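The entries follow the order in which I went through it.

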Amino acid sequence: MSIASKLLSRRSVCSVTLMPNGAVTTYRLRPILLGQIARFSCEARSPDPGSHVQANRAARFELAVAYRALERYKLHEGVCNHLSLMCPAASGRGQVMLIIPHGQHWSQVTRSSLLGVDEHGQVVEGNGQAETSAVSIHLGLHLCNQDARCVMHAHTPYATSLGLLKDPSLLMCHQISTRFHNRVAYDPGYQGMAYEVEEGRRLASVLGSKDILMMCNHGIITSGRSVAMAFDLMYYLERACMFQMIAMATGKQLNTIPDDMVKYNCEVFKGDEEDYANKHFNAMKDIILNDSPDVKN
Ligand SMILES: [Zn+2]
């Protein structure tokens, strides 16, 4: 059974007609998926016949850079863990989820090596196979959260280690930590290796409206409207966890920041967040393009 079939296998209780960009498509969907499948399955046609190709190429480049950049930061796990991005299909028919082919090292990802996976979990762009757990987790999250255009899952050392503790709470003890005030969801219900799309749906429900998921006994997920946002959240969450874990290792009491200052900082961070994220990601892009221009291949 395809992943999309599994997603839809529970009772289809209603039908819906979608009209994105003039196209009309009717599906029978469970309520939780209304509007989510629309992003993936609609026969959206661009006014400019070539724009979907350009958008697909641009998205591939952004995601390839993110793999290379996180590898440089040593936040990767060899050929495991995954970053994904929704974008227009190169064919012009709907959207695909871009993801790394199973077995490729993050330091070797290029624009063309990324796979495009359709709503059924099938590879429709590129050569290679998508890892089952990658598709299960990421497809479920993308389908269930329209805001999560980019989803990054990694076992970063300090954030993952914090998630191994009985109390995995990110404490408001460093300036960077305050950026994440009320933005982290915690999943204490480790379910083993993810080989069913149900796990992706479960994680999406735990994540809710937040953009960071602490997967206890496993790793972390960050999500964002853009690659730059998900990337920046991944990097700085790891830094916040690093400072906390090092401070906790002293065995001395942590000095947390007062609530009113936490809220103030959080609002300040939000105001400039996208601009800072773009600057951070663009700086890494320059470094990678200079050192490894094959990322554009
Ligand atoms: Zn994992």
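Predicted model: local features only at pLDDT ≥ 70, side-chain atom pairs only at ≥ 80, totals over all residues.

Entry 1, a hairpin. I began with the hairpin of β3 and β4, which has 6 residues between its strands, and noted that G92 takes a positive phi near 90° there. Residues are numbered from 1 along each chain as its sequence is written.

Entry 2, the partners of β3. I found β3 joined to β4 (residues 95-99) by 4 bridges, the two running antiparallel, with C87 standing opposite V96 in β4. β3 is also joined to β7 by 4 bridges, again antiparallel, and here L83 stands opposite M152 in β7. Strands count as paired if DSSP finds at least two bridges between them. I then checked the cover of β3 and found 6 of its 7 residues buried, where buried means 20 or more other C-beta atoms within 10 Å of a residue's own, exposed means 12 or fewer, and partly exposed lies in between, with C-beta atoms placed from the backbone.

Which order do the strands take in the open sheet of 8 strands? I read it as β6-β5-β4-β3-β7-β10-β9-β8, with mixed pairing. β6 (123-125) and β8 (184-187) stand at the edges with a single partner strand each, so one side of each has no neighbour in the sheet. From one strand to the next the twist averages 25°.

Entry 4, β9, β10 and the loop between them. I saw that β9 and β10 run antiparallel and are joined by 4 bridges, with M214 standing opposite I220 in β10. C216 sits in the loop between β9 (212-215) and β10 (219-224). Is C216 buried or partly exposed? It is partly exposed, because 19 other C-beta atoms lie within 10 Å. Leaving aside neighbours within four places in sequence, I listed the contacts of C216 as G163, P168, Y186, D187, P188 and Y190, a contact being two C-beta atoms, placed from the backbone, within 7 Å. I also looked up S161, which is 55 residues from C216 along the chain, and found their C-alpha atoms separated by 8.9 Å.

After α7 comes G251, whose phi is positive, near 80°.

I found α3 (residues 51-72) and α8 (residues 259-291) packed at an angle of about 85°, with their axes 10 Å apart. They are therefore roughly perpendicular to each other, the class for 65 to 115 degrees, whereas under 35 is roughly parallel, over 145 roughly antiparallel and the rest oblique. V65, R68 and A69 of α3 meet M284, K285 and I288 of α8 in this contact.

Technical notes: Axes fitted to C-alpha atoms, helices over the stretch in contact; angles between N-to-C directions.
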